[in-house]
Amino acid sequence: MASLVLSGNGILVSTKKFRSGIPARKSVVRCNVAEPLKFKENGHIPTVSAEQATFPSFLALNQTERYVIQQNDTRLRIFSGTANPALSQEIACYMGLELGQIKIKRFSDGEIYVQLQESVRGCDVYLVQPTCPPANENLMELLIMIDACRRASAKNITAVIPYFGYARADRKTQGRESIAAKLVANLITEAGADRVLACDLHSGQSMGYFDIPVDHVHGQPVILDYLASKTICSDDLVVVSPDVGGVARARAFAKKLSDAPLAIVDKRRHGHNVAEVMNLIGDVKGKVAVMLDDMIDTAGTIAKGAALLHQEGAREVYACSTHAVFSPPAIERLSSGLFQEVIITNTIPVSEKNYFPQLTVLSVANLLGETIWRVHDDCSGGFEPYSSLGID
């Protein structure tokens, strides 16, 4: 796991870089995936070709050498749904593979049609499809993709779900409520999935809702490695949890961030997607506050928390989140000047209308690609390179 420590001159540096433990294969290919995407002054994300791009340092493997499968090894197939094809392509590029051919279309009445355009008989199949908005459409598409692979006699089917929709409905907070996270887990299992690979679930207990193995990957190493490049003095840092429920996540993040102090924003929620900040636990005066959450939806919680931090004397506020749902009016709140920078990952695609100058997008393609390799190769999680991926 990448960590940040204090160097002799008081600057944070990244340590324990990842090194691959994958068995060597006969041929190699150099596959370059883009560094974190940073918005330019014209408000657009720059496009980087495969030839121009370079690896983020978190997953730099001895000058980015990656192994590809042998010519006679056709047992690993990756297919992409329509929810996030750009991420799927990055994952395939990192692994030195081509995306599988699949036909997905919608009939005039909204029904979804899926047909695999190549044989997957006896293959390990990985279906990359986050259940991001529109959640119901993307979830149904994933279920039909799983069913198509099962009926095509795939040996193993792994649902790669970078963002797991309905994860917030993981318990009953009032009477007569549904637990939709459990229902969705049952649907994925009954459709025919043999394994699930998810990134930063809203709560750990969601893994228990599945009756099949779940590989839970954390996006924290990617964000930590990027923060290391900011050269912020560790004495000025404080990690802030935007609510009490995220304290454990923020504490683990602060420990890796040069064991930075922790602050907590206390809030009271009066309804869904409505939050009210009450007070702050901890000292942020003159500090650089790093707010950490697993997702940003309407940004009500994190925006009100940032306003409170400025009132309490914070010098700068950074917002870090794995999943950028960005439901209205999130963009207005995030671009209002409260944040020095908003750091997210590409588990959910960011549409062009949601671009704003403070936004930085980091890629988790290398993280997910490496995990897929290790699951396919049946690597044990006991040795250090595998645990450094943040897999439970």
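On a 1 Å grid over the protein atoms alone, a cavity is a set of points where a 1.4 Å probe fits but cannot get out; its volume is the space filled by probe spheres set on the points, which are joined across faces, edges and corners. This is a predicted model, where local features need pLDDT of at least 70, side-chain atom pairs count only at pLDDT 80 or more, and totals for chains, interfaces and linings use all residues. Residues are numbered from 1 along each chain as its sequence is written, and side-chain values use heavy atoms, with hydrogens and water left out.

**Stop 1: the cavity.** The count is 1 cavity of 30 Å³ or more, and the largest cavity has a volume of about 50 Å³. Select Asp200, Gln220, Ile223, Arg249, Leu292, Asp293, Asp294 and Thr322 to see its lining (lining residues have an atom within 4 Å of a point). Strand E16 (288–296) and helix H4 (220–228) each give two or more residues, with E16 giving the most, 3 residues. Helices (H or I, at least four residues) and strands (E, at least two) are DSSP runs, numbered from the N terminus.

**Stop 2: two helices.** Now select 135–151 (H2) and 180–191 (H3): their axes come within 8 Å and cross at roughly 25°. Axes are lines fitted to C-alpha atoms over the stretch in contact, and angles run from 0 to 180 degrees between N-to-C directions. That makes H2 roughly parallel to H3 (angles under 35 degrees). Show the side chains of Leu139, Leu142, Leu143, Ile146, Asp147 and Arg150 on H2, and Val184, Leu187, Ile188 and Ala191 on H3, which make the contact (heavy atoms within 4.5 Å).

**Stop 3: Tyr113.** Jump to strand E8 (residues 112–116), where Tyr113 is found. Tyr113 is partly exposed at 28% relative accessibility (buried is under 20% relative accessible area, exposed over 50%, partly exposed in between, with a 1.4 Å probe and protein chains only). Leaving aside neighbours within four places in sequence, Tyr113 touches Lys103, Ile104, Lys105 and Phe107.

Stop 4: Most residues other than glycine have a negative phi, and most peptide bonds are trans. Zoom in on Pro133 and Pro134, joined by a cis peptide bond with omega about -5°, then on Pro328 to Pro329, also cis, with omega near 5°. Next pick Asp259, whose phi is near 55°; Asp259 is exposed at 60%. Finish at Ala299, with phi near 70°; Ala299 is buried, at 5% relative accessibility.

Note on methods: On a 1 Å grid over the protein atoms alone, a cavity is a set of points where a 1.4 Å probe fits but cannot get out, and a pocket is an open set with protein on both sides within 12 Å along at least five of seven lines; lining residues have an atom within 4 Å of a point. Angles under 35 degrees count as roughly parallel, over 145 as roughly antiparallel, 65 to 115 as roughly perpendicular and the rest as oblique.
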